[in-house]
Amino acid sequence: MPEAIVKEVDVAVIGTGFGGTYSLYKFGVEMGLSVQGFDDAGDVGGTWFWNRYPGARSDTEVTAYCYAFDKDLFRDWQWSMRYPDHWEIRDYLNTVATKYDLKKFVKFNTRVVAMEWDDEIHRWTLTTDAGEKYRAQFVVEGVGLLSATNYPQIKGQESFTGDLYHTARWPHEDVQIAGKRIAVIGTGSSGVQVVGAVAPLADETYVFQRRPQYIVPAANRPIDKDHKDWILDNWDEYWRSVLWSITAFGFPESPTPAMDVTPEERERVFEEAWEAGNGFRFMFATFGDIGVSPDSNRAATDFLEKKIREIVKDQALADKLIPDDYWARRPLCSDGYLETFNQDNVHLIDVNETPIVEITQKGILTTAGEIELDIIVLATGFDSVSGQYLKIDQIGRNGRKLGEHWKERPRTALGLMVSGFPNMFMVYGPMGPFTNQPPAHEAQVNWMADVVKYVRDNDLEFLDPSDETEASWMVTCDDIAYQTLFMKVNSWINGSNVPGKPVTNYFFMGGMGAYMDLILDVRDRGFPGFESGKGLTPA
Ligand code: NA7
């Protein structure tokens, strides 16, 4: 006997971060469709529900780290700082959810564990971790680019008698930092933020570094009210400029190659960007080719190396903090990270020189001896881009399994849909744009809404990108990505941070504007290369 379906809806939405919350608004409120949301978290927030570690904040300027669909909200909401912290971002998403009464659509503390397409009735059946089944014609997976944790298994981890936390699974209650001995393993965005926040308070801070990173000041400060007013006065023009830029960060990008100007001019431009703060600005607003030209990249890293040497007093320590590869990882920024290494109670442990042997009851044993600790922080990042999708057992048309379809590498059409998985959309899925996320999420969800309208208006039941359409998108993405330096340096951007994960291209790196033109063109031409299906509407 078939298992009972708890509810049938037009659109199921998995995840309530920026993408999922907007999807609930778009489909459930604006379009008036029946929707059902799910989140394994206890509330809205997405990655910001979980990332509550000390120092956790967006390092994207907030005027492009917010929604564009609601001008009143933008006017009324009082962001405090240029880069909002995790509390403020959660508060913002909660305000949106409350304003549009979105939480009524969502089953929180509920994980979707499986999804299967029924090719007779053209509907998805979703199964939750409680074993309940839901049915939906369309599914939006807003599960997060940086959501599935990369949780290393270090020998002896379970024997530690102090507290051990991953940055992306930080406890909700206050963690006492003052007076503690703290180890931070990892020096990506999260590790750098944690170290900057805990080093001034902790008794001793031990920074376990595998590879150093180039770091630019954040220059966090109260939000610039004049800029906010300017955006309000130029609303459509501003958001168009964000979406039709390369990175969608809301600042003007430079088209000038770094080697086209004199060394003095380069120095002036870099110095100005250093003062202005923000890693993405430094990479993309100074010159147009830092991510692609080895010479331009080297000019930038020479400048950043000089700054590290100026800030860090002990030059032997500075040597260890200077990377020796291209600056082609996700650009970091921090106010104070490098400076902490001038404190006597902040210790850099280079795990290449003195590897971790094991975690003990009392702390961490390296080849140089045991370090006694109260707290160990795993700032070891994420099984990014594809990891969270693969946690859901997904079966599409003709029994196609997502895990098998993606075995060699993740594949999508337009970063939005997967061949053989009709009416299933991914917000910021693999081969999506390599850009600031919230504006891209909105643009993608709007495109999904256009698919839904197209299906309904044309009396269809589903759209499904063909294998050829998917293959052609992969070629487009790879042709661009392999011209960049991001494919030459190991990081989560190319999957090389997680053992066993395919090391490959995961993005469309042609810029947000080009991406917009491509996806809107597909829409305007009536989705060529997509198979459509009519069928029985279920009783
Ligand atoms: P990242 O940027 O992937 O950084 C993870 C860090 O953890 C990085 O320094 C890694 O070293 C280090 N790492 C990972 N595993 C280990 C082990 N086993 N031993 C020692 N060190 C390790 O993750 P984040 O959370 O900081 O940031 C991810 C994104 O989230 C960020 O870019 C923002 O967009 C938000 P490595 O450098 O790889 O040698």
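The model is predicted, so please read every value below as computed from it. In short, 17 residues surround the ligand, and the protein covers 87% of the 770 Å² of accessible area that the ligand has on its own.

**Who surrounds the ligand**

- Among the 17 residues around the ligand, the closest are Thr187, Ser189, Ser190, Arg210 and Arg329.
- Sorted by class, this shell holds six nonpolar residues, seven polar ones and four charged ones.

**Contacts to ligand oxygen atoms**

- At serine 190, an N or O atom in the side chain lies 2.6 Å from an oxygen atom of the ligand.
- Serine 189 takes part through its backbone: one of its polar backbone atoms is 2.9 Å from an oxygen atom of the ligand.
- Tryptophan 492 contributes an N or O atom of its side chain, at 3.0 Å from an oxygen atom of the ligand.

**A three-stranded sheet**

- Strands β13, β14 and β15 form an open sheet in the order β13-β14-β15, and their pairing is antiparallel.
- The edges are β13 (356–359) and β15 (369–372), each of which pairs on one side only.
- From one strand to the next, the twist averages 25°.
- Three bridges join β13 to β14 (residues 363–366) in the antiparallel sense.

Definitions and conventions:
Residues are numbered from 1 along each chain as its sequence is written. This is a predicted model: local features need pLDDT of at least 70, side-chain atom pairs count only at pLDDT 80 or more; totals for chains, interfaces and linings use all residues. Side-chain values use heavy atoms; hydrogens and water are left out. A residue is near a molecule or strand if one of its heavy atoms lies within 4 Å of it. A polar contact is a pair of N or O atoms within 3.5 Å; within protein, one must be able to donate a hydrogen and the other to accept it, and residues adjacent in sequence count only if both atoms are side-chain atoms. Accessible areas come from the Shrake-Rupley method with a 1.4 Å probe; for residues, only the protein chains shown count as cover. Ala, Val, Leu, Ile, Met, Phe, Trp, Tyr, Cys and Pro count as nonpolar, Asp, Glu, Lys and Arg as charged, and the others, Gly among them, as polar. Two strands pair if DSSP finds at least two bridges between them. Helices (H or I, at least four residues) and strands (E, at least two) are DSSP runs, numbered from the N terminus. Axes are lines fitted to C-alpha atoms, for helices over the stretch in contact, and angles run from 0 to 180 degrees between N-to-C directions.
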